[in-house]
Structure formats: structure tokens, C-alpha cells
Number of protein chains: 4
Amino acid sequence: MGNIFGHLFRITTFGESHGGGVGVVIDGCPPLLEITPAEIQQELDRRRPGQSKITTPRKEADSCEILSGVFEGKTLGTSITILVKNQDTRPQDYDEMAVKYRPSHADATYDAKYGIRNWQGGGRSSARETIGRVAAGAIAKKILKQIAKTEIIGYVKRIKDLEGVVDPNTVTMEQVESNIVRCPDLECADRMIELIEEVRRQGDSIGGVVECVARNIPPGLGEPVFDKLEADLAKGVMSLPASKGFEIGSGFAGTLLTGSEHNDEFYTDAEGHIRTVTNRSGGIQGGISNGENIIIRVAFKPTATIRKEQRTVTREGEATTLAAKGRHDPCVLPRAVPMVEAMVALVLCDHLLRQQGQCGTLKFEVAHGK
Amino acid sequence: MGNIFGHLFRITTFGESHGGGVGVVIDGCPPLLEITPAEIQQELDRRRPGQSKITTPRKEADSCEILSGVFEGKTLGTSITILVKNQDTRPQDYDEMAVKYRPSHADATYDAKYGIRNWQGGGRSSARETIGRVAAGAIAKKILKQIAKTEIIGYVKRIKDLEGVVDPNTVTMEQVESNIVRCPDLECADRMIELIEEVRRQGDSIGGVVECVARNIPPGLGEPVFDKLEADLAKGVMSLPASKGFEIGSGFAGTLLTGSEHNDEFYTDAEGHIRTVTNRSGGIQGGISNGENIIIRVAFKPTATIRKEQRTVTREGEATTLAAKGRHDPCVLPRAVPMVEAMVALVLCDHLLRQQGQCGTLKFEVAHGK
Amino acid sequence: MGNIFGHLFRITTFGESHGGGVGVVIDGCPPLLEITPAEIQQELDRRRPGQSKITTPRKEADSCEILSGVFEGKTLGTSITILVKNQDTRPQDYDEMAVKYRPSHADATYDAKYGIRNWQGGGRSSARETIGRVAAGAIAKKILKQIAKTEIIGYVKRIKDLEGVVDPNTVTMEQVESNIVRCPDLECADRMIELIEEVRRQGDSIGGVVECVARNIPPGLGEPVFDKLEADLAKGVMSLPASKGFEIGSGFAGTLLTGSEHNDEFYTDAEGHIRTVTNRSGGIQGGISNGENIIIRVAFKPTATIRKEQRTVTREGEATTLAAKGRHDPCVLPRAVPMVEAMVALVLCDHLLRQQGQCGTLKFEVAHGK
Amino acid sequence: MGNIFGHLFRITTFGESHGGGVGVVIDGCPPLLEITPAEIQQELDRRRPGQSKITTPRKEADSCEILSGVFEGKTLGTSITILVKNQDTRPQDYDEMAVKYRPSHADATYDAKYGIRNWQGGGRSSARETIGRVAAGAIAKKILKQIAKTEIIGYVKRIKDLEGVVDPNTVTMEQVESNIVRCPDLECADRMIELIEEVRRQGDSIGGVVECVARNIPPGLGEPVFDKLEADLAKGVMSLPASKGFEIGSGFAGTLLTGSEHNDEFYTDAEGHIRTVTNRSGGIQGGISNGENIIIRVAFKPTATIRKEQRTVTREGEATTLAAKGRHDPCVLPRAVPMVEAMVALVLCDHLLRQQGQCGTLKFEVAHGK
């Protein structure tokens, strides 16, 4: 269970690290949307291993193929299937992991749950699963852009204790993509890259924080009670590998303010739109978007698989040590940026269609008694 | 949409602050569980308004009535309906809010979404909705306790900048309930209570952090990919009113460590169970419980509705000010504790049944070729 | 499980025959729809026991109360809760059924499934559960009528071997409601009523066929693959108590034709709409509505609970006999008519919102490159 | 939407007739089940085009490839992906259908719904979509067989007006597979084959009825209210292409009996099991299996695509005629048999896991106060 995400814009990802390939089935995409494999590939290339000197050297072109759902360059409305074949697999790198559990990885828990595990590349727990998310996210982004000019921009806010200075209200995709660590604070980006390289040399790993902003969000997205917009965003990003924390707007820091300091006072802008003076709510109030920028942060732990030797046990429980082979990222943050963007896009697109389904045209037709 | 939570143990909450009442329908509860209204009432009393001098003075007994699903003291397996009637409603307190938007509240976004809003007590956005969650959570807790001796204990970890010292591995429910702010660090609890009373006198509000531990969790709960256990926990608590952030295990602080510092090394304990030396994972690895204590933290912002005057606009967008009437909590944290526990219980109980459905008896029968 | 129906227009029914009451939570209703308790009551009165000499004499006013979701006569967009309290319960009528299984009833299977059963009135298996469906159906009908002028009219087509002559394309609700058996063929209706009265005197029961037509259906409702419109209609009506068969359009009889006889040829009508000459498809092709009238038939078996003595066993498996007490319908068909209409309305309304969510405004906006 | 089926054993089918291929993602399969591609292929071969002189001559080996979820011959518990590549596609056969609507086919309704359509082979409306169902059904069958020795056997009961005499309680798979039309009444089978060949020569098509029995069904499968076992079976088979009607047990004919004639009286058999003397219920009472054989019937209309010339319109609504090219079955029944079996297996397997999830071990543990 658990391979399906979304309610109206609903995706099913599939595949494993080692095997025929990975991909996604997208159910509920509006018809007549123009989409090319190149637009999807562009996002996959940002997620791709081997994209720079600070990522895993595994060589995967991650070329996507659209199996169904697009005809003469347009979506059909029926389900879309996207497949990415695996190429550079090295099962032998995982021989030792067949018997030894990697600390803080999914090896032991998969065995506990299922009594069996595909130790070649981690099977379904591999981060290659996120290829399907990023491919579907590319389509979700396109829909949001077409309907509402929505922009979703993620970036590395912090690596370990190196924190960039970034204004989420003005940051551009060009700034993010201007460097391999995806931090728009260029001076800080250089220091982050240095740190990651140093950590890699030590056979160790580090983590950090990705921030993501969504701009031009129609007010009214999100549902009362359980499917609040921030709840679905939290679920989306907390289902990404290695994520340990989530914040919306003021987040944990906001708990240090009083209500009178924290509340976002309302005013009416020049165009007659009701706006807030500040945005500690992070664009969501009562679970529903208010039209201000949605701003979230996600904490990613240091990569679990490291070359440094660690104490662990075998499947049978005998004490041993493990110094992981295989090709792993010393820091997942640069590649996590497109993943976070994809999850944000999937959640927003789903809620856009849900809002249209329940309140769209109906709201006004019914209101005017037609 | 959005009033339903869970997959196998699935609840639908219903009702509004002002109207016939609130409650919950629970679908998928195992049969033959002994449950009394008193056990449910006990949890509702921890959530109830007017329970102490630091909560809202609204007087609601919140007496629950089991409409269906329990027969001669035992669950029937068919759906359970629990109803709590509203009593102490004062719609007149909300007259001003019919036309003015409360800053950082759901008033404006409900209007944006639906074009209409029940301004009496906030309608469906009222925290009274959580009565249904807490009632259902009481049953989920009982199931978890019966099956696995699971204990779920929440407590106030921090109020504004006052942080208690609490060991999640040993804290008891008695310690939590020993004081009205629900902080097991008694010295700190006294200062928290003082601070809340002072803030209330100023017509202001404050927030903080609830921490929650779940002990005696069977390994194997949670699903790969989207329905990771931490993802469903994040969604559950981020759907609570006023929540702004979520952490599991090391959370945001864990991003300051290297992988070799952060990883939880394995060992085998005296009873032959595979355990981890540390628990920075917070009891979950790869989205699946590993048998260690599950530890989460939730940030709650200061209550949005305050007596202090704030700038805002009317429904028509005209600038005005609002000093809220009505009876509100100066700090939601003490009453949020049972809500967080309930959401944790609901998620764990759902995943317990899911695990039993997919892997329970079948796992072994199939394995042994029967 | 299983108490929830629909995807965007989603209902949860609750309650039991004997206990606090029964009702429904409706999730996803469009906002600003004008609805009165009287409109809902009108449908409930058609389903109500004791409505005529040929139904069960149980006296239930079945007065509905709207607990939430409607404000100043309009839907809020948030969930709607409707409660009907039970009044004329006689648990003592069921004493014998506490130990003896009624043949062809749910007594034995509930025990087999859950190991426990509420024998008072059948608990959740009681047909009183359908009150929630009919109440929600009244709202679904109103939405369909407002948006598309859709009319949904069910009627008794056959009682045992007495079959009425009815034209689904022109039948009116007035004709249906002109007699207590709800068969628009008045001459046949008289004979049906006589037959039911005779069967009741014998302590026996009979069944028959309900036909239902939905007129003014927008083309494009329904989904490819699993959620075909006829598949969801089939599920909806086959979940009604006592239903044993389902047909759409030509149904079983259509299998006696060749393709060239059966196919509905296309033509363009005076207004330029693409229409079909015949309607053996029953308004649905490839799982999607084509704008022609949707016509279905549902077979209902004779009521299982009868006064005639039958052989059965006790819970412990000992042979015994049972001549049922309690108040039961000699024929469920007249009261099944509003239930079938409700299920058809719920399915169509759900698919209307789904279609609007995926293809509504988007289809054209995207098509025109906006 | 609508490409997902099941709740705990949940499948997503994907792909189109012309394009990269078709297949299925299976979510929730128990781990450690031994399964080989050959076992899946065996079922696909029964569904395959070109399998005999009375099916479409399209040549497709329909060779399946397991992309993920099976490791060293055993299921992993994580999702299973099965892919079948398309081979013998002839898009040119469909040139005429790009502009003309086939009567009683999905062409016109897809255009009405989406404003666009893949006219090559019908896109997602192609019966090739059922490959995914049959592949997943093969795994569901294996699970049911392992756990409960369940057998699911479908067969052709009637072709047009030729009806076979078959005892569902004793029919064997060998009898079904002994002839190309899959009717176990061999004398009747010969006449059916003759009739199909004659109809094909005329460029026409015919339909009929598939009957399916499931034997060795554990009592207790199915849910009260909406997810009754017969409701989910009805949805499953009514989502198959060309199906027009569904019956369980006595079906429409049962409406001609009185309750005292129709009811299945109980007795206790030699092993102490509570059984029914007759089985007009078709193995399900109150929506829940009673342990007797489940027997259903499905009506399939004559194939819509025929070589005979028919009147129709173009996309623009102009009158024209169409004599279909392409390769089509003169009668879908022989190939529909494995499809019906697959849908029955999917529904039963899903409900088996659901029953285990809610009531399995828990029922007894809780009952005994452990």
C-alpha cells in the first residue's frame, strides 16, 4: 500500500532501483494540455544522479518515455504513463548489504515488515522512486502555470550550519539553478559546495533545510478539517526520503511571538484585493490558501549510507560493522530541491482541481440562481 | 471534502461550534472491543473548554453519547457514532465577526473559498471539531493498548520561550496530568501557568511546542513511498488548528550533525531483539516503525483570536479594527495535548490494521507454504 | 468499513435501527445551494415506513434535523450533517432473533464476520440505514436539477410477474406518486396492490423490478476503466438491501440481438446535437454519458423476514424453526423506489463534480491557450 | 480518474492499445507469495487476441514482464509492476475512425468528455486495458488459493439464444478450457462456435452471458452498507467493456418467487458448519459471504465494432456511414471469461485482506482479553 498520492490529480509511482525501470501513472490530468517529453526531462535532469561533482557518481540519463495519455502533443484526459528505464545498476555493490543492516536506513524495517527485502539498491525504498514524483510534478507545474501563472521555486536554505540569505518573494529559478548546490545566495553556495566536498572526502554525509515558495496561488485552495492545505503539503514532503521536519510560514520560530505580534493584519490593496501586511501564516489560514505566497521549509537529515565504518548487526542479529560501498550522495539537498517542488506542485494541483470540482463554476451559477 | 481521515480505521468528524452538536463516525473498528462512554469521556474532559483557569471560560460538559456501534459494552465491528451536543453557545458574541475578518483566522479564506461563511463560532473551522478526533482517538488508544500495550503520551514541551526538561522514554501520564498546563517539568509548569495568566490579562495570546511519545510500537507499521508513518503523522497533526510545524526524532536540529554522528547504530539486546543505540530516527526508518519509541514535536502558533485591538478589513474590504469578543484560550497548548495524542493514536491504529491486513497472518501462512 | 460512498460528493451514513438515530454526513456539497429541511423531508416521506397499507406498520415520522452545513437556508460548502431520531422501536420483537438466524438475512453472516451482532432490529443491516442515503440523495437531486435540469424518476416496473407498461422517456413524478405502489401503469398498479395485500395476509413476501430513468444528463459524465458510470451505478444500487440484479439499457435482453441490430446509430438533431436513433446503450457508452436518457433496472428479491414458519438453526447450530415477529414490508419495492433514485442521484452528482474538477473550465481555458 | 480499483489489494492499470504497452501496478500484495511470470502468462494467454479462429486475428503474444515487486521468485510486499509491450499495432486501420464515430462505442463520448481522443485503437477505451486486470487477477487467484483453497471458474453460459447446461458447483477449469468458446456444455459449445463463425462471415457480432462461480470462500468477506460484496462484484464486472447486466444468485428470476420459496433455510452439516439448503442468495447475505458458492452472471452485448455498414456522423456532426476496418472479435464472450474471473478474484482478495485487517487476529485476541 501507499504508492498512490492525491485525490483528483492522483499519481501512482512504480519501480525499483535495480530492475526494469521506474515511473508514474498520472490519473486525472486535464485534457488538452500541451506537454512535451522535454519539459518533463528538464525537471528529471535537476533530480538526476551524476549531475555535478557533489552528487552520487551513478550515471543515469533518466530519459523519460511517455507510454500513454499524450497524443499529438496534448494530454488526452485519460491516464498518463511515464517510464524511465534503469541503466547503470551495480547489484554487486550491495552484496554486503544483503546480510548487514545499514544504520538509519530502511533495510531492517523492511525485513521486520515483510520478512523479505530486495537488497539490490534498496528496492522500493530507493530514492529512484522519486523519479515518478518529479515527472508528475512537471505536469502539475505546467497546469498551475497555465491556469494561475503559479510559480513554484525551491532552493537550499541551509547546509548543516551554513544558512543562505534568500528572499522567497523575489527569488528566481535562474538564481537557484546558477550553481550546483541550488542556493541562490551565491557567496554562501560556494561555502556549501566546499563543505560537501570535504564531507565526501571523509566518507561522511550532511543534511540541511530546503525552503520552497509558491507564488500566484488562487485563494480558496485547501479543505477544512483533515485535508488542510498545510496538512497535505506536510504529508507530501514528509514522504520524501530523509525528511525529518516541516514548517509552514513562521513555523517553530513563530511560537516565540505573542498573538498580537504574530497575527497577519488585513488591508485592501490598490486593486481592491484583500491582502495581509505580514505573511507569518505562510499563505494559508484555516487550512485554505489566502492568496499570499506559500512558504514551507523541510529538514533533511544527513544521508544514512556512508563510507565510514559503523557498528551494526546482520539479519540474524549478530554484531558486525559496515562501511558502505555503492555510490551515494554526500548530501541529498541539491537533488531534493526538485523533489520538494514536485510534491508542492502535486498538492496544489490536486487542490486546484478539487476546488474547481466543488466550488468552481457552481459557486457562481448557484449563487445567481441560474 | 476533507472530513475523513484514515484508510482502514477511518473516521468522519461532523458538526459545528453553534448548532445541534459535533461528533464522529468511526468505520473499521475491530469487533468485540470492550469500551465504555466513560473511557471516551475521560479523554474529552482533557480537551474540554473551561477545564482550568488558563483555558477559555466557555462552559461545555461535552458529554458524549454513543449512538451506534457498541452493544452490551462491546464494539460490533460496524460503524460507531458518537455525538456531543452543544450547550453554551453565544452567537451574539460573534455579531461583529459577521462583518469583520479576524486576522490569521479562517474567516477570510472560507469566504474566498465558498462565498459564504457561518460566522457563529467559526462554523466548521471551530476547534470544537476536534471533539470527534479525541473521541475516536480514545478508541484507537484502547485498541493499541490491548494489542500491543502501546502507550501514547503527549505533553507541553515549551510555552513561548519556557522549555521544560522531560524524558520521553520515562514520562508518565500521571506526571502530565499533575498540572493544568500539562508540562511534566513541574517547576517549569508553574512558570508557564503564570505566563499564560499574564498574557490573558493583556488580552493577548501565546503558543509553544507539544511533544508526544508513543511507546511499545510493533515494528513494521507504515508503508513505503507516500504513506510513510511519519508522513501520515505529519498530516494528522498539521491538520490540527493552529499547528505550524512538525518534527520527528532529531527534526530540524538533526540537520546540524554529520551522518556518522546522526545514524542510529544497531545492536541486539538481551532478549534477542534488534535495537538501536540512539534514537535520532524517532522510531521510524524508511517510513516504517522500528520498534523504538516514536517521538514527534508540533509547533502551535499563538491563538489568533485576541482581545487586543488589531487592524483588519470588512467583508467588503473596508479598513476597520477588531478587538475580539467571545471566549477564547490565551494559549491552546494545554488543550492541544489530547488532540495530538488522538491524531497519533488514529494514525498508529490505522497502520496497525493495515499491516495486519497485508502482512498479518498471511505473511507466515504463505511463508510456510500452507 | 464500507460506510462511505462517492469520491467528490461523498457521504457517510450512520446509525442503527434501534438506538439514538440514523443519518448522514455529506462532504463536498457545493456552497450557496438553497435547501430546506422540507425538501429533504419530502424524499424521506416517500421512504418512510407506515406510509400506506402495503408497507410495514412501524410508525416513524422520520423527521430530519440539519445539524450543520446549512446557514440561513444555504449550503456552506462545509460538510452537512442530517440526523433522524428513532422513535417507534420494539426491541422485544427481536428476542427470538437473538438466538435464531433468519433465513436469507444478515444475522448469520454478521456473526460469522464479527463474532457479535446487534439483534435488535438488525443493527447496521437494517434498511433504516437507507434514510441517510435518501436524505443525501435529495440534495444531490437539487444540485443536478439546478445545474442541468436533470430529472431522476424511479418507479415499480414489475411486482412478481405483474409488469407495468411505462415509457421512461415521458413518465412523470406525478404518475409515479399517484398510487401507493409507485407504478405509473395505473391498471397494473391496482393489481400489484391487491397481490401485495394477499401475500401479506399469507405471511409471505414478494419482490420485483424497479426501473429508473435520469433525463437531461450532460454528456461526458463517468470515467474510463474502473469508474465507468454504469459500474458506479451498479455498485450504488447493488448496495441497497435485497437487490439481486442490475441492468443498464438493453441489459440481459440485449444479448439476444446482433451487433447490427443492437448498435445505436448516430444522427445530428435540429439543434445540431449529436444524438442516437435508438438508446439500447441506456445513455452510457464506454462508461461515459452520451446525453441520452440513462435507464437502469434493479431486481429486488422478496423480503427475507416473513411470518411463515421456516426451518433454521440457532447461533449454536441447533435445528429449530422461526416464524418472524416484528413489523416488516411484504414487498420492499414501493419504498425501494426513492432509494434507487437516491443512489442514481448520488452517483450522477459525484461524477458531475468530478467532471467539473478535471475538465470543466480547464478544458476550454487550456484549449484556447489562455 | 478511475484507473484504480480496490482498497487494500489495490491495482492501477495503465497504457493504451497503440503505444509503448499496457500493464498494471499492484499495491498491497502480501509478501513472500511465490509467483512466476508463467503463472501470470497462463491467464494472459486465455485473454490474448488471436488465440483461436473465433477471436480477433490481431497477433499479440502479450508476453508479460515483471518490472518490480518480485525478488528471487517471491513477492516483496512492495508494489508489483507488470508490463506487456504492444506489438502488432496497425494505426492505419483506424484512419477512418479519426473522423467518424463508431456507433455504440466510446468514440463520441470521449470527445464529449475531453474534447480530444486517441483514435488509434481507441486509446484507453481499448479492451487491451484489461490485460492489467487479468495479470493482477492471476496474483489475486494465487493468494486466494493459498489462503483458502478458493477456486474461481468462469465460463460461457449463453451465446445469443444458445444456453449451455452447467452445474456451477461441480464445473472444472479443464471442462471450461476443453473448447475455444469456453462453454463446459460441449454439445452446446459446438453450436456456439458455429454461430460465431457464421456471424463473423456476415460482418456482424453477437453477445451472451458469462457465469462465474467462486468456491471455498471464507464466511465473513464483504462489508455492511456500501461495500457489500455483491456491490463490489457488480462494480468490478460492470466496469468491463461491453457489460450490460449483472446478477447474483437468483438474480432477476428470483423476483418471480415468494419469500417462503426464495429464502435459503439453514441447517448444520456433518462437520458442524452452518449451511444453507438452497443457494438462491448466491453465497452472499447482507453483503457478506456465508461460505456457500458465490455465483454471478454478466451480460455482454454484441461487439460494437462491426464490418457491416452503419449510419453515423463525423466529429463535426455530418451524416455518413461506417463499415469498420481493424481486427475485432465477432463475440467477446470467450475472451471475457478470464476478465470476469479476474475481477471476481480482485474483489475477493481485497475483501479477504480487509477482513483480516479489521477482524483477523484482532477479533480473537480482543475477545479473549489478551
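**Two annotated residues and the chain pair**

Biologist: Where in chain A is Lys53(A) placed?
Modeller: The model is a predicted one. In chain A, the place of Lys53(A) is in the loop between H1 and strand E4 (64-68).

Biologist: Is Lys53(A) buried or exposed?
Modeller: Exposed requires a relative accessible area over 50%. The relative accessible area of Lys53(A) is 52%, so Lys53(A) counts as exposed.

Biologist: Which residues does Lys53(A) contact, leaving aside neighbours within four places in sequence?
Modeller: Contact here means heavy atoms within 4.5 Å. With those neighbours left aside, the partners of Lys53(A) are Ile180(A), Ile193(A), Glu197(A) and Arg200(A).

Biologist: Which UniProt annotation covers Lys53(A)?
Modeller: The record is an unreviewed UniProt entry. Its annotation covers Arg47(A) and Lys53(A), and it reads "binding site".

Biologist: Is Arg47(A) buried or exposed?
Modeller: Arg47(A) is found in helix H1 (residues 37-47) of chain A. Buried means under 20% relative accessible area. Arg47(A) has 0% relative accessibility and therefore counts as buried.

Biologist: With which side chain does that of Arg47(A) make a polar contact of 2.9 Å?
Modeller: Residues touched by Arg47(A) include Asp62(A), Arg128(A), Thr130(A) and Arg335(A). The polar contact of 2.9 Å joins the side chain of Arg47(A) to that of Thr130(A).

Biologist: What kind of axis relates the two copies?
Modeller: Chain B is superposed on chain A by a rotation of 180° with 0.0 Å of shift along its axis, at an RMSD of 0.0 Å. The copies are thus related as by a two-fold rotation axis.

Biologist: What percentage of the contact residues of chain B recur in chain A?
Modeller: The same surface serves both copies. The share of chain B contact residues that recur in chain A is 100%.

Terms used: Residues are numbered from 1 along each chain as its sequence is written. Chains are lettered from A and ligands numbered from 1 in the order in which they are written. This is a predicted model: local features need pLDDT of at least 70, side-chain atom pairs count only at pLDDT 80 or more; totals for chains, interfaces and linings use all residues. Side-chain values use heavy atoms; hydrogens and water are left out. Copies are superposed by least squares on the C-alpha atoms of residues with pLDDT of at least 70 in both. UniProt positions are given in the numbering used here, feature names are shortened, and annotations may be inferred rather than shown by experiment. Helices (H or I, at least four residues) and strands (E, at least two) are DSSP runs, numbered from the N terminus. Buried means under 20% relative accessible area, exposed over 50%, partly exposed in between (1.4 Å probe, protein chains only). A polar contact is a pair of N or O atoms within 3.5 Å; within protein, one must be able to donate a hydrogen and the other to accept it, and residues adjacent in sequence count only if both atoms are side-chain atoms.
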